[in-house]
Amino acid sequence: MFDYKSAFQNSVEQVRSEGRYRVFADLKRVRGQFPLATRRREDGTEQDVVIWCSNDYLGMGQHPAVLDAMHDALDTVGAGAGGTRNISGTTRSAVDLEAELASWHQKEASLLFTSGYVGNEATLSTLQKILPGLIIFSDALNHASMIEGIRNGGGPRHIFRHNDLAHLEELLAAAPAGAPKLIAFESVYSMDGDIADLKGTIALARKYNAMTYLDEVHAVGLYGATGAGVAERDGVQDQIDIIECTMGKAIGVMGGYIAADAVIVDAVRSWASGFIFTTSLPPALTAGALASVRHLKQHSELREQHQERAQALKDRFAAAGLPVMPSESHIVPVLVGNPVHCKKISDMLLDDYGIYVQPINYPTVPKGTERLRFTPSPNHDDDMMNKLVDAMDKLFSHCNVARRPVAA
Ligand SMILES: *Cc1c(COP(=O)(O)O)cnc(C)c1O
């Protein structure tokens with residue numbers, strides 16, 4: 001007789017033996033006090049912690065404008081959307097949000113999904129149905145949701161070395177000239193904090209008649225004059241065919257979307273299973289996201305403070321001789337270079353110093369580049385930074401981790 005229970009146990013054991021078994025920290029965020037939270041330990045006791053690895057980059061998840069809009073929607077419209085978009089889920093705030101997002105990215109239209117993951121998976125797999133024979137050129141460090149979408153579409157695909165335009169061009173040049181092509185990439189890569197060369201990629205797309213698909217998940221709200229992302233910062237929004245984002249990170253709520261020409265959005269809307277057959281986002285979420293986007297557009301000082309805080313933390317780590325990696329963005333990775341030490345430093349930061357940051361180990365990053373990844377927000381003050389750097393300094397010494405310089 002097949003032993004189901006041991007099959008499940010073995011699969012968990014495999015994850016454990018590879019050092020990939022996860023225990024989630026039990027955290028209660030405290031409204032109005034971002035980035036502070038209360039952690040419940042396994043023995044039930046509580047501890048105050050500072051969160052240093054949130055993707056709610058600007059604290060919009062607790063902003064009064066967002067919360068007011070969500071309360072209001074809940075009180076006036078109710079909880080659930082009531083169905084798929086086709087059945088009864090097209091609510092006013094979803095329609096208004098799509099118009100706002102399209103105009104933010106200077107596109108004709110946009111389309112909401114239940115998450116950024118679903119947006120990538122559904123759009124990339126569906127594009128292969130809409131454009132038979134589509135060849136996808138995908139950056140080697142693209143997010144899992146893009147990889148899944150590309151795989152699920154089942155069509156031909158080529159992986160180019162991360163941010164390596166010479167390699168991308170080699171692959172484009174080798175493909176049949178008349179075939180439909182799509183270059184799929186991200187603007188800010190969230191593990192290293194580097195930023196893609198948008199203009200260079202667009203030039204190649206033009207030369208080889210390819211479409212461009214850009215994931216701006218870690219950039220929306222944070223870059224560009226109105227926060228529309230790196231494409232806005234670089235003045236190339238009109239030259240990217242499809243922009244994909246989440247509303248769960250800097251926007252502070254939840255959900256995903258694409259923005260593109262109306263005909264592209266119409267085609268994806270008509271063919272994407274991951275859009276058609278799922279209940280749409282509840283009105284409170286779309287209303288909250290709408291309020292957040294409107295606020296972000298108007299408040300470039302938040303983006304300035306955010307960049308200033310990231311630079312301040314990089315400078316403090318460097319001054320303490322800690323191996324901060326050469327990030328061009330708001331992401332501040334510090335190299336540990338060993339999975340056991342990385343996990344240990346993370347555990348000790350939490351238990352002994354009330355500092356919460358996740359260890360980033362293989363397979364998320366290559367072996368030997370294990371790191372701690374900090375995401376300072378405008379709400380992380382100097383005092384919090386000094387305590388963090390001091391704790392890291394002690395723990396690097398305690399674990400005898402090399403303070404080797406990190407090459408650019
Ligand atoms: C987080 C993330 C996503 C998924 O967005 P969710 O809204 O969290 O599902 C997509 N792409 C990248 C690069 C991400 O980091």
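A polar contact is a pair of N or O atoms within 3.5 Å; within protein, one atom must be able to donate a hydrogen and the other to accept it, and residues adjacent in sequence count only if both atoms are side-chain atoms. The structure described here is a predicted model, in which local features need pLDDT of at least 70 and side-chain atom pairs count only at pLDDT 80 or more, while totals for chains, interfaces and linings use all residues. Residues are numbered from 1 along each chain as its sequence is written, and side-chain values use heavy atoms, with hydrogens and water left out.

The ligand site is considered first. The side chain of Asp215 places an N or O atom 2.7 Å from a nitrogen atom of the ligand. Oxygen atoms of the ligand also take part in such pairs: one lies 2.8 Å from a backbone N or O atom of Gly116, and a polar side-chain atom of Thr246 lies 2.5 Å from an oxygen atom of the ligand. On its own the ligand has 370 Å² of accessible area, of which the protein covers 82%; accessible areas come from the Shrake-Rupley method with a 1.4 Å probe, and for residues only the protein chains shown count as cover. The residues around the ligand, counted as near if one of their heavy atoms lies within 4 Å of it, include Ser115, Tyr117, Asn120, His143, Glu186, His218 and Lys249. This shell divides into two nonpolar, seven polar and three charged residues. In this division, Ala, Val, Leu, Ile, Met, Phe, Trp, Tyr, Cys and Pro count as nonpolar, Asp, Glu, Lys and Arg as charged, and the others, Gly among them, as polar. Helix α5 (residues 116-130) provides the largest share of the shell, three residues; helices (H or I, at least four residues) and strands (E, at least two) are DSSP runs, numbered from the N terminus.

The interior was examined next. A nonpolar core is a set of buried Ala, Val, Leu, Ile, Met, Phe, Trp, Tyr and Cys residues joined through side-chain atoms within 4.5 Å, where buried means under 20% relative accessible area, exposed over 50%, and partly exposed in between (1.4 Å probe, protein chains only). The largest nonpolar core has 54 residues, and Phe137, Ile183 and Met247 touch the most other members. Elements that each supply at least two residues of this core include α4 (92-104), β5 (135-139), α7 (165-174) and β7 (181-186). The largest share, five residues, comes from α12. Leaving aside neighbours within four places in sequence, Phe137 is in contact (heavy atoms within 4.5 Å) with residues that include His158, Phe160, Leu168, Ile183 and Ala184. Another core, of 35 residues, lies apart from the largest one, with Ala310, Cys342, Val357 and Val401 among its members.

Helix α8 has Leu198, Gly200, Thr201, Ile202, Leu204 and Ala205 as buried residues, and what covers them includes α7, β7, β8 (211-215) and α9. The N-terminal end of α8 is capped by Asp197, a side-chain oxygen of which lies 3.4 Å from the backbone nitrogen of Lys199. Asn209, in the loop between α8 and β8, takes a phi near 50°, a positive value in a residue other than glycine. Asn209 counts as exposed because its relative accessibility is 62%. A positive phi, near 55°, is also found in Asn400, which belongs to the segment after α15 (382-398). Asn400 is likewise exposed, with a relative accessible area of 67%. Most residues other than glycine have a negative phi, and most peptide bonds are trans. A cis peptide bond joins Phe34 and Pro35, with omega about 10°, and another cis bond runs from Tyr362 to Pro363, with omega near 10°. Pro35 lies in the loop between β1 (27-29) and β2 (36-40), whereas Pro363 lies in the loop between β13 (359-360) and β14 (371-374).

Ser54, in the loop between β3 (46-51) and α2 (64-77), counts as buried because its relative accessible area is 17%. A polar atom of the Ser54 side chain lies 3.0 Å from the backbone nitrogen of Asp56. Beyond residues up to four places away in sequence, Ser54 touches Arg29, Phe34 and Thr375. Glu108, in the loop between α4 and β4 (109-113), is exposed at 58% relative accessibility. A polar atom of the Glu108 side chain lies 2.8 Å from the backbone nitrogen of Ala262.
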